[in-house]
Every structure is written in structure tokens, then in C-alpha cells.
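This briefing covers the overall fold, the aromatic contacts and a surface patch. The structure comes first, and the notes follow by topic.

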Amino acid sequence: MDKKTAGLSDTFKKSTTPKSFVKNPIKGTKFTIAISSAKGGVGKSTFAMNFALALKSIGLKVGILDADIYGPSLPKMMSINEKPKSEDGKSMVPINQYGIQCMSIGFLVDKDTPMIWRGPMVTSAIKTFTQKVLWENLDFIIVDMPPGTGDTQLTFAQEIKVDGAIIVSTPQEIALLDVRRGINMFDKLKIPILGLVDNMSFFETDEGKKYNIFGEDGVEKVAKDYKKEFLGKIPINIDLRIAADSGKPLVEENPEHKISKIFKEIAIRVKESFL
Ligand SMILES: Nc1ncnc2c1ncn2[C@@H]1O[C@H](COP(=O)(O)OP(=O)(O)OP(=O)(O)O)[C@@H](O)[C@H]1O
Ligand SMILES: [Mg+2]
């Protein structure tokens, strides 16, 4: 007999046994990829939008799910100001922008409204977005995750089938601490890490001089230490930031830009690991 539970009632024993979760795939897509970082403000959303558009540019059907309930970026970065339609009052049709199917909590609330929600409400919003949105015939859904290792990450890990994660970071030591935490989280949750991306990697002047503002090769070194793929370096670039703020991501706005080409290379690599 298990000593620890000896003498306990069946109901109590049941309530102390760890719950097992069923992971549901998101309907309407072949694969789901999470864009993540344990730290905030390192460029996850910028990466997610441009990466999604780069996948589209190589002929794939793509959706973006903005899983950042407290700080949605998708409506601004993709210039979406409309509300999703619902024919039956239960499911929602994603909004099509630049050929990408999009969903965000930001479509449903006023942009200046703070989401002062407890964890279970966040979990329920995430479940709605993954189960009640009529995603249609997609190859990939790109999930723009909020920073950290909290409720949203846990919901995805326990209840939704995620086929891979890309970890985005800037290369300074303080950010790398969080990258290690992020890698350990996905390893623990048994979600495959497709690779690491070094964002705001360096600044290059018009004359071609490079400044490693946040240090050199930090993310690549962590990737090596943990035996993960390194997907590439994205420099700090004013065009990328302006495009994000203007609501038309650089890959869509200027596909021939050298930064757009980096996104395309990453998209090709990721595609090849799935299709
Ligand atoms: N490589 C880059 N070059 C220039 N600006 C960048 C780059 N990457 C991101 N930015 C800018 O940095 C800011 C933060 O980026 P973003 O919102 O994508 O980060 P995030 O990791 O999603 O943040 P959060 O953790 O709040 O979700 C944005 O203004 C974005 O335009
Ligand atoms: Mg973001």
C-alpha cells in the first residue's frame, strides 16, 4: 500500500492524484508553432508577424494567434480595427489581413482597456481562441506568446498540441538568463524547440560598420550549450521598427529588404522541418 495515502478516503485520494490533461490540436491547421521568450520586449511579436508573412511568401497558408491577453500587439502591428464575425454566437471567424488569418483579444476590447483578469479567465480566453475560432485550411498557426512562464504558457503546454517553439532573445547576459529558463520550461513540458533567434543582434551603419550593442553571439552560444538549433541573427533596424509601428510588417511592406530575406531564410528552414 502507498504509505503516503494510507487511510485516506477514495475521494481525497482522487483529488490529490495529479490531473492528466488531454492535448487538443487546434482545428484547421496542420502545425502550431509558439513564438516565445521568457523576457518581455525582445521582439517576439515583431518576429511572429514577419515570420508568419515570410511563411506566406513561400507559399504556405498561415494564421497568427495573438496569445498575449494582457498586452495584445497584433491589431496594431497588422492594422486591424474590426471585430471578428460570429454566425452562431459561439464560434468566431478570424480576420484576414495580408493573406493571414488573425485572431487577438485586442479585436474584442477597446485598445486602451486594461485586461485586469485572473489566471482562470486567461486560460478560458486561450481555450476559446484555440477551440472556437474557425481557422481554415492552414499549414501553420504562429502563436505570439506573452513574456514569461505563466498561465498562458501552462495552458498551451497542458491542453493544446504545440508542435514546436521558437525562442527569441536579445543577446545581452540579462536576457540570456531568461532564455535558459525558457529552454528548460519547454524541455520540461516536452514541447520541441525548433531553434533560437538572436534579435536586435547588432546595429549596422550605412557605411557597413557593425556595433554589437548587446554583446556578441550570446544567443548562439546558449543554443550550442543546450544543443539547440540556432536560426539566425536579426539586426536592430529602423525600417523593421517603423514597419511594425505603421501596421504593415517589413516582410509584407518590402519583401526585398535584407531583413525580410533573413526572415525568409528562417521560414524556409522551419518549413523544411515539417513539410
Ligand atoms: N530587430 C529590431 N530592430 C528594431 N526594432 C525592433 C526589432 N525587434 C523589435 N523591435 C521593436 O522593439 C519593440 C518591442 O518589440 P515587440 O513588441 O515585438 O517585443 P515583444 O517581445 O513582443 O514584447 P512583449 O514582451 O511586450 O510582448 C517594438 O517597438 C518593435 O518594433
Ligand atoms: Mg509581444
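Which residues form a nonpolar patch on the surface, and what accessible area do they have together? The patch consists of Phe203, Tyr211 and Ile213, with about 290 Å² of accessible area together. The model is predicted: local features need pLDDT of at least 70, side-chain atom pairs count only at pLDDT 80 or more, and totals for chains, interfaces and linings use all residues. Residues are numbered from 1 along each chain as its sequence is written, chains are lettered from A and ligands numbered from 1 in the order in which they are written, and side-chain values use heavy atoms, with hydrogens and water left out.

**Surface patch**
- A patch takes residues with over 30% relative accessible area and no salt bridge, joining like charges within 9 Å and nonpolar side chains (Val, Leu, Ile, Met, Phe, Trp, Tyr) within 5 Å.
- A salt bridge here is a side-chain nitrogen of Lys or Arg within 4 Å of a carboxyl oxygen of Asp or Glu.
- Accessible areas follow the Shrake-Rupley method with a 1.4 Å probe, and for residues only the protein chains shown count as cover.
- Phe203 belongs to strand β7 (residues 193-204); strands are DSSP runs of E with at least two residues, helices are runs of H or I with at least four, and both are numbered from the N terminus.
- Phe203 is partly exposed, at 34% relative accessibility; buried means under 20%, exposed over 50%, and partly exposed in between (1.4 Å probe, protein chains only).

**Charges over rings**
- The charged end of Lys209 sits over the ring of Tyr211, 5.1 Å from its centre; the criterion is NZ of Lys or CZ of Arg within 6 Å of the ring centre and within 35 degrees of the ring normal.
- Lys210 lies over the face of Phe202, 4.5 Å from the ring centre.

**Aromatic pairs**
- The whole structure has 5 aromatic pairs, counted when ring centres of Phe, Tyr and Trp (its six-membered ring) lie within 6.5 Å; planes under 30 degrees apart are stacked, over 60 edge-to-face, and the rest tilted.
- One of them is Phe47 with Phe51, stacked at 5.2 Å centre to centre and 20 degrees between the planes.
- Both residues lie in helix α2 (residues 44-57), 4 residues apart, and both are buried.
- Phe140 and Phe274 are edge-to-face, because their planes stand at 80 degrees with centres 5.4 Å apart.
- This pair links strand β5 (residues 138-144) to helix α10 (residues 258-274) across 134 residues.
- Phe31, Phe140 and Phe274 form one aromatic cluster.

**Overall fold**
- The chain has 10 helices and 9 strands.
- Buried residues make up 49% of the 275 residues.
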